[in-house]
Amino acid sequence: MRVWFLLVLLGGCLSAWAQSTSKPDGSAPANSSTPNPPTQNSPTPDASSSSASQSSSAPNPAPPRSDHVDVSALDNEPGESSSKDTEIDLSPPADDAKTHPKSAEAVTEAESPAAGGEVSEFHPWNPHKAAKDVEVGDFYFKKKNYAGAESRYREALLYKDNDAIATFRLAVCLEKMDRPDEARQEYESYLKILPYGPQAEDAKKAIARLTNPAAEGKPAK
């Protein structure tokens with residue numbers, strides 16, 4: 001009798017324990033070690049959304065790609081530099097007159113009617129051409145064609161400026177044409193080029209003669 005009572009009591013305890021460890025629908029108990037699944041009220045963080053938020057907060061130094069540019073959003077109006085109505089300030093700097101005192105004179109001469117407002121004909125440096133002009137000028141000079149000689153000597157100086165031979169012979173030619181002031185200037189130019197050149201003494205004598213023609217028995221002009 002006592003054994004039967006113990007068996008009944010043990011069976012009741014086992015039944016009560018079984019009911020306490022399981023729910024009526026057969027689901028796991030609340031204190032089970034299995035983690036709860038995520039609910040709508042507590043969403044789990046998404047890896048893509050986390051990386052997107054980090055990229056949006058950090059600046060991107062790379063330039064935008066051309067294939068990502070919205071062409072329709074670009075402005076089709078011409079820029080200021082391409083407009084014909086854009087006015088360009090051509091006035092000189094404030095200190096231009098101080099730093100370049102002769103610039104105004106050069107501009108005035110370039111814009112003068114005598115200069116035609118344009119750059120004069122440019123002759124490249126050509127010493128061979130200059131030597132040929134001097135040779136032809138000497139031929140004209142010997143023929144007493146001083147006008148032709150002058151033209152060739154001056155052309156030689158265009159192809160080779162500060163040529164001593166062309167300068168001296170142009171001075172002699174101008175003196176033969178009775179143009180003392182121009183001749184004296186060319187003699188002086190020769191002395192500036194070759195102060196101790198082979199015709200330096202002749203140039204000095206010619207300058208003295210043209211400066212004081214009374215000493216040579218010629219009337220002053």
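## Overall architecture

A contact is a pair of residues with heavy atoms within 4.5 Å. In this predicted model, residues 24 or more positions apart account for 40% of the contacts in the protein chain that have a separation of 6 or more.

The protein chain contains 9 helices and 0 strands, and its order along the sequence is α-α-α-α-α-α-α-α-α. Of its 221 residues, 17% count as buried.

## The largest nonpolar core

The largest nonpolar core has 24 residues, and those touching the most other members are Tyr153, Tyr187, Tyr190, Leu191 and Ala203. Two or more residues are contributed by each of helix 5 (127–142), helix 6 (146–159), helix 7 (164–176), helix 8 (180–193) and helix 9 (200–211). Helix 7 supplies the largest share, with 7 residues.

Which residues does Leu191 touch, leaving aside those up to four places away in sequence? The partners of Leu191 are Ala200, Ala203, Lys204 and Ile207. Ala203 itself belongs to the group of core residues that touch the most other members.

The axes of helix 5 and helix 6 come within 8 Å and cross at roughly 170 degrees. An angle over 145 degrees counts as roughly antiparallel, and helix 5 and helix 6 are therefore roughly antiparallel to each other. Helix 5 passes helix 6 in a left-handed crossing. On the helix 5 side, the residues that meet helix 6 are Pro127, Lys129, Ala130, Asp133, Val134, Val136, Gly137, Asp138, Tyr140 and Phe141. Their counterparts in helix 6 are Tyr146, Gly148, Ala149, Arg152, Tyr153, Glu155, Ala156 and Tyr159.

Helix 6 in turn packs with helix 7 at an angle of about 155 degrees, the axes being 9 Å apart. That angle makes helix 6 roughly antiparallel to helix 7. This crossing, too, is left-handed. Helix 6 contributes Tyr146, Ala149, Glu150, Tyr153, Arg154, Ala156 and Leu157 to the contact, while helix 7 contributes Ala166, Thr167, Arg169, Leu170, Cys173, Leu174 and Lys176.

How, then, are helix 5 and helix 7 set to each other, roughly parallel or roughly antiparallel? Helix 5 and helix 7 pack at an angle of about 20 degrees, with their axes 11 Å apart. Angles under 35 degrees count as roughly parallel, and helix 5 and helix 7 are therefore roughly parallel to each other. The contact is made by Val134, Asp138 and Phe141 of helix 5 and by Ile165, Ala166, Arg169, Val172, Cys173 and Lys176 of helix 7. The crossing of helix 5 and helix 7 is left-handed.

Glu150 is found in helix 6. Is Glu150 buried or exposed? Since residues under 20% relative accessible area count as buried, Glu150 is buried at 11% relative accessibility.

Beyond the residues up to four places away in sequence, Glu150 touches Leu170, Cys173, Leu174, Met177 and Arg179. Among these partners, Leu170, Cys173 and Leu174 are also listed in the contact of helix 7 with helix 6.

Phe168, Tyr187 and Tyr190 form one aromatic cluster. Tyr187 and Tyr190 are also among the members of the largest nonpolar core that touch the most other members.

Gln199 lies in the loop between helix 8 and helix 9 and, at 27% relative accessibility, counts as partly exposed. Gln199 and Phe168 are 31 residues apart in sequence and 7.7 Å apart in space, C-alpha to C-alpha.

## Positive phi in two loops

Lys144 is not a glycine, yet has a positive phi of about 65 degrees. The residue is placed in the loop between helix 5 and helix 6. With a relative accessible area of 65%, Lys144 is exposed.

Asn162, also a residue other than glycine, has a positive phi near 60 degrees. Asn162 lies in the loop between helix 6 and helix 7. Its relative accessibility is 55%, so Asn162 counts as exposed.

Technical notes
Residues numbered from 1 in each chain as written. Predicted model: local features only at pLDDT ≥ 70, side-chain atom pairs only at ≥ 80, totals over all residues. Heavy atoms only, no water. Core = buried A, V, L, I, M, F, W, Y, C linked by side-chain atoms within 4.5 Å. Buried < 20%, exposed > 50% of the residue type's maximum accessible area, 1.4 Å probe, protein only. Helix = DSSP H or I, 4+ residues; strand = E, 2+ residues; numbered from the N terminus. Phe/Tyr/Trp six-rings, centres within 6.5 Å; stacked < 30°, edge-to-face > 60°. Axes fitted to C-alpha atoms, helices over the stretch in contact; angles between N-to-C directions. Parallel < 35°, antiparallel > 145°, perpendicular 65-115°, else oblique. Left-handed = near helix turned anticlockwise from the far one by under 90°.
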